[in-house]
Amino acid sequence: MNTQPNVSTDVFSAAKLGPITLRNRVIKAATFEAATPDALVTDDLIRYHRLPAAGGVGMTTVAYCAVSPGGRTDGWQLWMRPEAVPGLRRLTDAVHGEGAAISAQIGHAGPVANPRTNKATALAPVRFFNPLSMRFAKKATRADIDAVMAAHANAATLAIDAGFDAVEVHLGHNYFASSFLSPLINKRRDEFGGSLHNRAKVARGTVAAVREAVGDQIAVIAKLTMTDGVRGGIPLEESLQTAQWLQEDGNLDALELTAGSSLVNPMYLFRGDAPVKEFAANFKPPLRWGIRMSGHKFFREYPYREAFLLEQARQFRAELSMPLILLGGITNRDTMDLAMAEGFEFVAMGRALLAEPDLLNRIQADNTTKSGCTHCNLCMPTIYTRTHCVVTGKPY
C-alpha cells in the first residue's frame, strides 16, 4: 500500500492517494462540526463540507464519525450505523458535486468519551476519571479491545456504502488507540501494556482491521500524535517508531501528523489564544467556576506561527518513505510551498477554512492572498453549539 514520495512543487497539482486521485494536495482537516444534534447528517453538516469543497479543497474530512455510541466524545455526535448511511450519501454526493473528494474520520474517543451524554460506558487502558464528564472510564478488557477494532472495520465498510473516498483512522489526541500508546495513561501489565511494542498493538491492529475490511476500494489514512506535549506522555521518539511499524505493516496510504492531547493539553495542537472564559460559559456551575479559575492550567497557551508542527514533522519525513500530510498553521501559499519543498505530499487546513471556506480558490487566483484567521480560537468553544468562526461571522 505504501509508495515512495512523489513530491511536487505545485500544491495545486493532482495527486494520487492510494486508489483515488485528488485534484490538488490540500485537505480540509477534521474539525468537529457540531451539526448532528440527533447523531445523524443534517443540512448544516452538508453545508459545512460543501462550502470548502466549492472553495477548492482536494478533499474534506468529516470529523468524529464514531465507530460506536460509546466512542463519541458527546452524545449528539454522529456514529456509524446503517441508519446514518442515507444521510451520509447525501453528504458525499454534495461534496462530489463540487469536484472534491471526501473522507470520514473514524475513531473511538476512549477516555475522552463522555459516558454521561453517550449513555454508554467509556473505555480506557485503565480505569480513568474524566473531569469534564465527572465520570470514570472502565479498564478495557481484551473483548472490549477486539470489539473496538471490529467496530472500526464495520465503520469503514459503512463509509464505502455511503460513498466516501477515504477513511482517516484516529490514532491521536489520547483517544482510544492513542491512550494505549501513552505511557502516562497506559499502566497495564498485560499484552497491551509495558513496552511500546505492546502499547502499539491497538493502533496497529485497528489499522489492519480497517484495511482488511476495505481492501483497495478506498484510501486509508491514519492521524497519529507525534507528541502530546505532556511530561511523561507520548514522546516523539516512540511515535516515530510507531509510525515506522505502521509503514512496515503496509496498511496505510498516508499518515497525517498531529500533536496534543484532548485530555490534558488541547492547545498544543491549536496554538494561539486560549479562550478559557468562553469555554467555561458552556458548562454549568460548579464546573463553570472551576474552568474559569484554573482553566489556564488545562488550556495552556502556545504562541502561533505558520507551520508550527513542521520542526517535529521533519523528523518523520526524514525516516519514512510513505506519503505524509502536514497539519498545523497552513494558511497561505508560501507555507504550502514550504511543505511541498520539505517533501510532504499533502497539507491539511482547519481553522483557516472555517473562517473562509473559499480561501483556497482565492489563493489559487492570487498567491499573495492571506488568511483572515486571527488564531483567537474563539471558534473552539462554539463546538458545543454550532461550530463557526466568530470573527468573520460566517456560520456554516
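I began at F128, which stands opposite A137 in strand 8. The model is predicted, so I kept to its limits: local features need pLDDT of at least 70, side-chain atom pairs count only at pLDDT 80 or more, and totals for chains, interfaces and linings use all residues. Residues are numbered from 1 along each chain as its sequence is written, and side-chain values use heavy atoms, with hydrogens and water left out.

I traced strand 7 against strand 8 (residues 135-139) and found antiparallel pairing over three bridges. Strands here are DSSP runs of E with at least two residues, helices are runs of H or I with at least four, and both are numbered from the N terminus. Two strands pair if DSSP finds at least two bridges between them. I then noted an open sheet of three strands, order 6-8-7, with mixed pairing. Its edge strands are strand 6 (123-124) and strand 7 (128-130), each pairing on one side only.

Surface entry. I looked up F129, which lies in strand 7. F129, M134 and F136 make a nonpolar surface patch of about 300 Å². Patch residues have over 30% relative accessible area and no salt bridge; nonpolar side chains (Val, Leu, Ile, Met, Phe, Trp, Tyr) are joined within 5 Å, like charges within 9 Å. A salt bridge is a side-chain nitrogen of Lys or Arg within 4 Å of a carboxyl oxygen of Asp or Glu. Areas come from the Shrake-Rupley method with a 1.4 Å probe, and for residues only the protein chains shown count as cover. F129 is partly exposed at 36% relative accessibility; buried means under 20%, exposed over 50%, and partly exposed in between.

I also listed a positive patch formed by R116, K119, R135 and K284. Lys and Arg count as positive, Asp and Glu as negative, and His and the chain ends are not counted. I placed R116 in helix 3 (residues 115-118), partly exposed with a relative accessible area of 41%.

Strand 12 entry. I checked both faces of strand 12 (residues 324-327): L324 and L326 on one side, and I325 and L327 on the other, are all buried. Strand 12 pairs in parallel with strand 11 (residues 254-258) over three bridges, and I325 is the bridge partner of E256. Three bridges also join strand 12 to strand 13 (residues 346-349), again parallel; there V347 is the bridge partner of L326.

Backbone entry. I found a positive phi near 60 degrees at A39, a residue other than glycine. A39 sits in the loop between strand 3 (26-28) and helix 1 (43-54) and is buried at 4% relative accessibility.

Notes. The place of a charge is taken as NZ of Lys, CZ of Arg, CG of Asp or CD of Glu. Buried means under 20% relative accessible area, exposed over 50%, partly exposed in between (1.4 Å probe, protein chains only).
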